[in-house]
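Q: Could you take me through how a ligand site and a metal site are read from a model, one feature at a time?
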Amino acid sequence: MKRKIIIDCDPGIDDSLAIMMALSHPDIEVLGITIVAGNCPVEMGFSNAKKILKFMNRLDVPVFSGASQPLKRNYINALDTHGSDGLGESFLEEIEGYEQKEDAISFLSNTLKKEKCSIIAIGPLTNLALLLKKDKEAYDNIEQLISMGGNYKSHGNCSPVAEYNYWCDPDAASLVYNSGKKIHMVGLDVTRKIVLTPKRLDYMKKENPRVGNFVEKITKFYFQFHLEWEHLVGCVINDPLAIAYFIDPSICSGFESFVQIETKSLSIGQSIVDDHNFYRKQANAFICTQVNEEKFFNLFYDCLLRRIK
Ligand code: BDR
Ligand code: CA
């Protein structure tokens, strides 16, 4: 039986790779894609999701727009990282005539009350925080909650201590971490190891030119950004790791801990992991600290290169 998921995202270059991965894995059924303001404004994220679905020939998968701004903080996008169109300045053709009937929060709440389903959140946690406020019963039904976000020992990517998804909406992240639901935190400690290098991209182009060329088109800008800002030859593709971890949890290892998200001050958005149990609080998260890169890339290639025609 397929495991059902909703992908809550802000596509986004790496979000798009995560969507492609999830849609092509035989054990997963994507019930819908919900969009949150993050890397790009919510309307842009919505159009980008449709562009990816078109490439995948999966326009049957519904997409729902959610929050257009963080709960309290002023919205700061990440178009500097993802390009002015949010998809690496690939300027793919807009997909017309695809209407949505519901907003993301009501889709989440109706679906979670109807069926067993997990959420893989790879953007800021605003939609989930809104769901929690609106319909705790539906929120509590989430089977497994995986969040790409935060950092434990790794440095941040928006400040010395904060990762983008939690930094963008720290109040939402804080609510979700205090919700009583265990969060699988796939943070920068593990995602920084997932580097799409030029060599890997060449391999992808050779193995499956249609997919490889598409991935090149949407990651070109990302490669440039990483070279300039991180002095890295290649790009860190964070979000697909959250999907891979859902498919095969043995890809990451880690430990359980109580985590709090800083909502004010200089360290806003920081995920503070109480690894020494100072607060004597029950663990609310599983922190991924190690990743088996080879296992990840084998799964990634299997999904993208061999299952997408
Ligand atoms: C996260 O922020 C975004 O830029 C990426 O899509 C990823 O979800 C990494 O910090
Ligand atoms: Ca993302």
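Q: What lies 3.0 Å from an oxygen atom of ligand 1?
A: A polar contact is a pair of N or O atoms within 3.5 Å; within protein, one must be able to donate a hydrogen and the other to accept it, and residues adjacent in sequence count only if both atoms are side-chain atoms. Here a polar side-chain atom of aspartate 15 lies 3.0 Å from an oxygen atom of ligand 1, while for asparagine 39 the distance from such an atom to a ligand oxygen is 2.8 Å. In histidine 82, a side-chain N or O atom is 3.1 Å from an oxygen atom of ligand 1.

This is a predicted model, in which local features need pLDDT of at least 70 and side-chain atom pairs count only at pLDDT 80 or more, whereas totals for chains, interfaces and linings use all residues. Residues are numbered from 1 along each chain as its sequence is written, chains are lettered from A and ligands numbered from 1 in the order in which they are written, and side-chain values use heavy atoms, with hydrogens and water left out.

Q: Which atoms coordinate the calcium ion (ligand 2)?
A: Donors are N, O and S atoms within 2.8 Å of the metal (3.2 Å for Na, K and Ca), and water is not among the atoms, so sites may look incomplete. The calcium ion is coordinated at 2.2 to 2.6 Å by Asp10 (OD), Asp15 (OD), Asp15 (OD), Ile122 (O) and Asp239 (OD), and the donor residues follow the spacing D-x4-D-x106-I-x116-D in sequence.
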